Amino acid sequence: GELAGLIDAADGKALVLVLDEVQDPHNLGACLRSAAAAGVTAVVIPKDKSAPVNATVRKVSAGAADRIPVVAVTNLARSIKDMQKLGVWVYGLAGEASQTIHQLDMKGNIALVMGGEGDGLRELTRKSCDALVRLPQVGSVESMNVSVACGMLLYESVRQRATSRSK
């Protein structure tokens, strides 16, 4: 489908952001804004239990909602499996993960999966990922807004990709 085409066109450098049930339109808009700034290939959201891309989302995203493809899917776990078949490594952000985002190789085809505001990643989404990673931090993850965490996660991939290009 649409997602496969976008990944294919990214030529081994796809960067997909998967947002699992981000329900606050302000958070979704802020995540889209970070995604556009980080050069994300596509943003994947579930059709249900996610904020729709509405006027609020568009406004908060500062135009990003119209610049990057947002793909709403019926079954997130299946979409993750489809991406894996296309050679995309899928990493979920989870507080209890042992490795941090800095230990991850983010230079190839990757999808970064973030949970929603309440409980983070759903069990099935978490199980679908190739690995779980966490943000390195001093305090507890609960104190961090999903859109802030999203920006930090995306910018680590931006940093790694910039380094690989200059070598």
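In helix 5 (76-85), L76, A77, S79, I80 and M83 are buried, where buried means under 20% relative accessible area, exposed over 50% and partly exposed in between (1.4 Å probe, protein chains only). Viewed down the axis of helix 5, these buried residues fall within an arc of 160°, so they line one face of the helix; the arc is that of the directions from the helix axis to the C-beta atoms. An α-helix has 3.6 residues a turn, so residues three or four places apart point the same way. R78 and K85 are exposed on the other side of helix 5. Helices (H or I, at least four residues) and strands (E, at least two) are DSSP runs, numbered from the N terminus.

The model is predicted: local features need pLDDT of at least 70, side-chain atom pairs count only at pLDDT 80 or more, and totals for chains, interfaces and linings use all residues. Residues are numbered from 1 along each chain as its sequence is written, and side-chain values use heavy atoms, with hydrogens and water left out.

The two ends of helix 5 come next. At its start, a side-chain oxygen of N75 reaches to within 3.1 Å of the backbone nitrogen of A77. Helix 5 is followed by G87, which has a positive phi near 85°.

Helix 5 also takes part in a pocket. Together with helix 6 (123-128), helix 5 is an element that supplies at least two residues of the lining of the second largest pocket. On a 1 Å grid over the protein atoms alone, a pocket is an open set of points where a 1.4 Å probe fits, with protein on both sides within 12 Å along at least five of seven lines, and lining residues have an atom within 4 Å of a point. This pocket is lined by 13 residues, with P46, T74, N75, L76 and R122 nearest its centre.

Elsewhere, the largest nonpolar core has 32 residues, and L19 and V43 have the most contacts inside it. Such a core is a set of buried Ala, Val, Leu, Ile, Met, Phe, Trp, Tyr and Cys residues joined through side-chain atoms within 4.5 Å. Helix 7 (146-166) is among the elements giving two or more residues to this core, and its five residues are the largest share.

Two loops complete the picture. E21, in the loop between strand 1 and helix 2, has a positive phi of about 60° although it is not a glycine. A62 lies in the loop between helix 3 (55-60) and helix 4, and has a positive phi of about 55° although it is not a glycine.

Methods:
A polar contact is a pair of N or O atoms within 3.5 Å; within protein, one must be able to donate a hydrogen and the other to accept it, and residues adjacent in sequence count only if both atoms are side-chain atoms.
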